Structures are given as structure tokens and as C-alpha cells.
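Subject: Structure handover

Hi,

Here is the structure you asked about. Please open it alongside this note; my findings follow below.

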Amino acid sequence: MSEQIQKMIDFVVRDVIRNQNVQIDVNTPLVSSGLIDSFALVDILLTLEDLTNTRIPAGKVQAKDMDTISLMFATAARVGKPRNV
Amino acid sequence: MNATASGARLIDPLTYHTIPEALHAAPSEDIFATMWTSEDEVESVRFGEFRHRALAQACFFRDRGINDGQRILLVMPQGIALMAAFVGAMLAGGVPAILAYPNFKVDATKYSLGLRGVSTNLKASVIVVGQEFPDGLMGHLNVERTTQLERFQDHYPVNSFISEIRERRPNDLAFIQHSSGTTGLQKGVALSHAAVLKHLAHLAPSLKLTPEDRIYSWLPLYHDMGLIACFMLPLVFHLPVVMQSPSAWVTQPATMPKLISDYRCSLAWVPNFALQFLARRVRAEDRASFDLSSLRALINCSEPVRDSSMEEFLSAYSGARLRPHALQSSYGMAELVFAVTQSDVSSSGPSRVLIDGAIFRKENRAVLVRPGTPGAFCVVSSGRCIENTKVRILDSDGNALAPGGVGEIVIHSETRLEGYINRPDLTAKVLDGEWYRSGDLGFVLDEELYAVGRKSDIIIVAGENFYPEDIEEIAASHPAIHDGRAVAFGRYNRALGTQEIILVAEVRSESDLANSGVIEREIRSAVSTEMNIGIASIFLKPPLWIVKSTAGKPARSTNREKLILEHVELQPDSGSF
């Protein structure tokens, strides 16, 4: 597991779900399971941009693209643009 | 009519008999709606083309036998196609209603049941779903045999029936907008063409609307603020509106100031929480890149207006050329078409008063105090009544209160609902002679209304109303939860600028507590799927924890207080109400 993925898991558990007893992995459904709601997606998206050093263009991401940690990184790889370019 | 420097005059909605008539009079070449999806996906439509698209939809409905007064449900994503279908339904003589488009996490069986509930209540003749409506979900939809289920068809041929389009009359029903509740239990409010046009005529002077105004919106069209302020208002006054979907905005909130900046929008409405969301979730370097100088009124509406949220927004966007008085406020509801009050948009923003907290809580009175008084808190005005609207504050015995008295807000308006569709029981609860009982609590000072909360236990999250009963029912349906022993309530979250949902539920057996994590996750998932809302905190308690009233129902306020005593982190923020 890459360092970025582990950082994202830690961020979601610590700052979004805010419950250290909840265990998630790269394939845990987050939005569809109700663990996080759509208001939290923006925080995750900003963190994802920082971790992947990309900017994700507005309008290119839907909640279903962010349902798992795996999907988040796949989304960044698909639509993210390198920063400062 | 308002004349502007350019000499253009604002339309008087009362010169029209119906909403389609207002559309018919619009200049064909003027831009009406712009739907922004992403940088490379923007759709704009001029009034002339929109009229044509609405006519095509009218043909679609007429070809399906729609005639006077038949109800049409629209389940389509936010966009110009939905707007054209809505007006097309009116043109065909039907009465449209917009429902929320299902999200990807919806449970097909439960969604179908909810849709059937609304459809049956409204006696819908046709349900139109969007072109992208999932096939899997479509296969699950089970509607009455008398209801036609159709997929939206763009570019429907405009056929010879055009000449047969029936002239609507002012008092004919124009459309239905829904008040709060889960899908199956929503309260339908039927509005006539005359009521909508009259309401807009009353609202325009309070907004100091001009022909140069341009509206921005991410508000859903199934919500009165989105439907009336950001669709009907620009349609009737022939103004441009720039839109995006609520989900696109909430995922990337910077798009809102960017669109206002790029399109030079002058008016927008948002619920209170959005101000904090925009202040905290948009990067500082991005905020500084926007030019919000065109925005003459950003109106805070549909949940209690918070001084702290407004200040935070003003501070965060001070570098974006935001006009110092751009933040305004309003109070409204679907039952009155939309607005009841509006702050003076030409003044220095809504009035703010500092209230003695102890007297407010103990004596239900708003007594002004000096800054620095211990326990004092600030309340923001929602402004004065718009034209032809009156507000009174009643105590629990129904007596009118003097200025400063805190009680239920009741409203007299020419554009009040006649009743909820097929719900005489609910109608009887809210209509009191000529007055509408809002269920909201507030007070009046210097003829300005200050709304401070709800009389009932309704929870308002990000401007949307949720009944605790709906959440409790879902929780109690979990096999580990004791029947009827769950209590949901709202708690103001200062960091979010809106309420969050807290749930406390009693397990059937103490041994179930060992499995709390799984039970919590399953309840969260069920509530999220059925209501599209997250629960902030779930507390599972052993048998006999929940306190019931003498009527055998969980006593919500008692259980709330009991939970707060056990969990000090749930104490209300000091200085909030």
C-alpha cells in the first residue's frame, strides 16, 4: 500500500469519520454506506489533491467516484492535472 | 415598474395571467438559462429556444393524453431539460411536480415504494424520468396502472397540436411544490398561476429587482428557494440564471464564487450553512482570485440566519471585492409560495440584535442588552414582510405577543396555500382562519422578523427539513433495536453552521452492545440510503434507557436532555440558541 493511500485512510478515519474504532480499507464503501456524507467529500477532495499533487478540475467528480479510497485515487489519476502546469 | 440607468424597465408579473404567458412574452434572443456542469460542458439557452423546447415537451405530454389539471411527476437531474419539461407540462394543461433525482446509493425497492407513495397521493398521470435514470432502478419502479412511466425525450417533434394548447386561467393550478418529509410522505403544496405571479410581484420590490439582474443558483429545483427564486423568478422577469447541480457545488464549492465571478451574477440565495462551507472549504488562494463585486445580494434563507456564519464569510471573501452589504437575509416557505420577509437589500445588511440569553430561555422574551453582557447572544433579522404579507407572533395559548415576545410565527399572505394535497389532517394543523401557522419560533422588533428555531422537533440540515420520526423509524426497524425506542434530534454544529443529526437508540439485549460498531454502521447505511442524509453520532444504549411519555412514545426532549447529561460533548455551544 502506498504511503499516500495510508495517509488518506488515516485522514478519513481521524478527520472525517472521527471515530478511531472504525476500520476501513481501500475498498470500504464510504458514501454509499453512510459512513461519510456528501458534505465531507470536499475535504477528502482537497486532501486527495494534496496527496497526489494534482488539481482536480471542477465538475469532473461525482460522489460515486469517491465511494472508496481506491476509487478516489483512480479518479485523481483519471481527471487530475499536475499542479503548477 | 423599475427603470434603470439603461432605460430598461422591469416587467410587472401582474400583466400576465399565467406563467407560460410570461414566457411567451420574453425576448427570443435574450439568454435565459445557463447550466454549468464543468469547464468544457456548459449549456446555454435563449428564451426563444427554451420556449420551443418547452413546446416540444408539451407535445410529448399531449401525445400521452395529458389534459387539464392532470399531475405529472418529473424525476430528472438538475438542468435545462428538466426546466423545459416543467414548463411543457404546464403548457399541455398538466400540473407538474419535481422530485429529487435518485443518487447512486439509493435502494431500488425502497425508492420504488417512496415514488409510488408520492405518485398515488398526487394521482399522477405520468412520471417522467431522466434519460440517464438507471435501468436497474427503472425495472424496480412499480406504479399504479393508471400512471404512465416514461423516459424523457429531448427533441420531441413539435406537432400540429400546438394550436390546441389550451389557454390556462389564472386560478388554474400551475404546479405542485413539496414541503418537507421523506419521499413517500412529502406534503404537496399546489400553487395557481395567479398565486405565483402575485408572489413574484410582491417580492420584486423587496429585492429591488432590475432588468440587469443575473441570478446564480446551485439550489435544487424541487426546493422552493430553487424553484421560485431561481427558476420562476428569472422566467417571469425575463432574467438570465446561471445554474449548477447541488452535488457539483457541494463537492467543489469553489465553483459557486467562480461562476458568480465569471458570469457577473448579481443575486443568489443560499442556506446559512453554505456561507461557512464557502469560507472554510475554498482555498484562500482561490478565494482571492474571484471578483464578487457584481453580487449585490447573497440572501441567507431557509434555516436560522447566524451572525457568526455571515461574519466568517465576509472575512474570508474580503479580498474578493465582495460588497460590504452583499450579505442579506430572508425568511420563507413553500406554503406561502416562497418569501415572507426580506432584509433591505439597499441597507448595510440585516439588523443584528444582542439578546439576554437567560431571559430568552426562561421568559421567552427578546430583551436587548449591551455588548459584553454575560450570556448574551446575537440574533440576525430576516427583514420586513414583503408586500401584502403580515406576520404575528403567538404564545402557546394562541395570544398575539407584543414586540420582543418569542412565540410561533404565523403569517397572513394573499399567496398562502389552500391546503396540502390529499392531506386534510395536516392542512388543519397549519391553517388557522386566514393565518398560516409556520411551526417556527421567532420574535418581531421594529417590524423586523427574527426567526430563532422550530416549535416542533423538525431537524434542519443545510436548509433541508427532516422529521425525526422518519429517522427513528428507520433505526427502530433494525433487528437489534427495540421497537419504537429510538430518538433523533438536531444539534447545532457551530463548525458546520447548521444542525447535525444525533440518534440515541435502545438495543433489545445488553449483549447487542458488544456488536455496536456493526449495528451503528447498518443504521447509518439505512438512513443514508433512504433519506440521503448522514447521522453525525449514534449512541446505543442498554434496555430500558429510553424514557417514554405517558402516551407511550419516546419523549424526545427528555431523552435528549438525558443523553446530554451522559455525554457532555453534546452540550449546546454557548452563545447559540
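The largest cavity is lined by Met256(B), Pro257(B), Ile260(B), Leu278(B), Leu292(B), Leu295(B), Leu298(B) and Phe313(B). A cavity here is a set of points, on a 1 Å grid over the protein atoms alone, where a 1.4 Å probe fits but cannot get out; lining residues have an atom within 4 Å of a point. By class, this lining has 8 nonpolar, no polar and no charged residues. (Nonpolar means Ala, Val, Leu, Ile, Met, Phe, Trp, Tyr, Cys and Pro; charged means Asp, Glu, Lys and Arg; the others, Gly among them, are polar.) Helix α9 (residues 255-263) of chain B gives the most, with 3 residues. The space inside is about 40 Å³, a volume being the space filled by probe spheres set on grid points joined across faces, edges and corners. The structure holds 1 cavity of 30 Å³ or more.

Some ground rules. This is a predicted model: local features need pLDDT of at least 70, side-chain atom pairs count only at pLDDT 80 or more, and totals for chains, interfaces and linings use all residues. Residues are numbered from 1 along each chain as its sequence is written, chains are lettered from A and ligands numbered from 1 in the order in which they are written, and side-chain values use heavy atoms, with hydrogens and water left out.

Next, the interface. Chain B puts 25 residues into the contact and chain A 29 residues (heavy atoms within 4.5 Å). About 2200 Å² is buried between the two chains, 55% of it from carbon and sulfur atoms. Buried area is the accessible area (1.4 Å probe) that two parts lose on being put together, summed over both. The rule finds 5 salt bridges across the interface (a side-chain nitrogen of Lys or Arg within 4 Å of a carboxyl oxygen of Asp or Glu). One of them pairs Glu49(A) with Arg283(B), with the closest N and O atoms 2.6 Å apart. On the chain B side, β1 (31-38), α8 (246-251), α10 (272-280) and α16 (516-531) each give two or more residues. Helices (H or I, at least four residues) and strands (E, at least two) are DSSP runs, numbered from the N terminus. The largest share, 5 residues, comes from α16(B). That side divides into 8 nonpolar, 9 polar and 8 charged residues.

Finally, the second largest pocket (an open set with protein on both sides within 12 Å along at least five of seven lines). Its volume is about 1200 Å³. Of its 46 lining residues, Val16(A), Ile17(A), Arg18(A), Ile535(B) and Ala536(B) lie nearest its centre. Here too α16(B) gives the largest share, 6 residues.

Best wishes
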